[in-house]
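Thanks for coming, everyone. Please take a look at the chain on the screen, and then I'll walk you through it.

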Amino acid sequence: MPNPTTRSEAISAKCRDCIYDPGAAGTWRQQVAGCESGNCPLFDFRPFPPKRKLTSADLQKLRGGTEGHGGALQAD
């Protein structure tokens, strides 16, 4: 992605840079939607917040059955 020119593009770029793991299951958008780093200052402004609370099964699907994302995806 070229240098962002809007606030929305900048937030999307930062989220993608932070959480996207090309070796993990799911697109970068799915991985951003699954982010649960609530202490991140951009958390409430994520470009693809989930429409519902993710379950452990949802997170397992995003992880592809492996640990990843440095612990960024965590269930309650």
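Start with Arg46. Beyond its neighbours within four places in sequence, Arg46 is in contact with Cys15, Val32, Ala33 and Cys35. Contact here means heavy atoms within 4.5 Å.

A word on the source. This is a predicted model, where local features need pLDDT of at least 70, side-chain atom pairs count only at pLDDT 80 or more, and totals for chains, interfaces and linings use all residues. Residues are numbered from 1 along each chain as its sequence is written, and side-chain values use heavy atoms, with hydrogens and water left out.

Back to Arg46. Where is Arg46 found? In the loop between helix H2 (28-33) and helix H3 (56-63). Helices are DSSP runs of H or I, at least four residues, strands are runs of E, at least two, and both are numbered from the N terminus.

Arg46 is buried, yet it has no salt bridge. Buried means under 20% relative accessible area, exposed over 50%, and partly exposed in between, with a 1.4 Å probe and protein chains only. A salt bridge needs a side-chain nitrogen of Lys or Arg within 4 Å of a carboxyl oxygen of Asp or Glu. The nearest side chain of opposite charge is Asp44, 6.3 Å away. Lys and Arg count as positive, Asp and Glu as negative; His and the chain ends are not counted.

What does the Arg46 side chain reach instead? The backbone oxygen of Cys35, at 3.0 Å. The backbone oxygen of Val32 lies 3.3 Å from a polar atom of that side chain.

Now the cysteines. How many disulfides are there? The count is 0, with a disulfide being a pair of cysteine sulfur atoms within 2.5 Å. For Cys18, the nearest cysteine sulfur is that of Cys35, 6.2 Å away. Cys18 is exposed, at 59% relative accessible area. Cys35 is buried, at 12%.

Next, the core. The largest nonpolar core has 7 residues: Ile11, Cys15, Ile19, Trp28, Val32, Cys35 and Phe43. Such a core is a set of buried Ala, Val, Leu, Ile, Met, Phe, Trp, Tyr and Cys residues joined through side-chain atoms within 4.5 Å. Helix H1 (7-19) and H2 each give two or more residues. H1 has the largest share, with 3. Ile11 also contacts Leu42, Phe45 and Pro47, leaving aside neighbours within four places in sequence.

Last, the whole chain. It has 3 helices and 0 strands. Of its 76 residues, 28% count as buried.

Methods
Polar contact = N/O pair within 3.5 Å; in protein donor to acceptor, adjacent residues only side chain to side chain.
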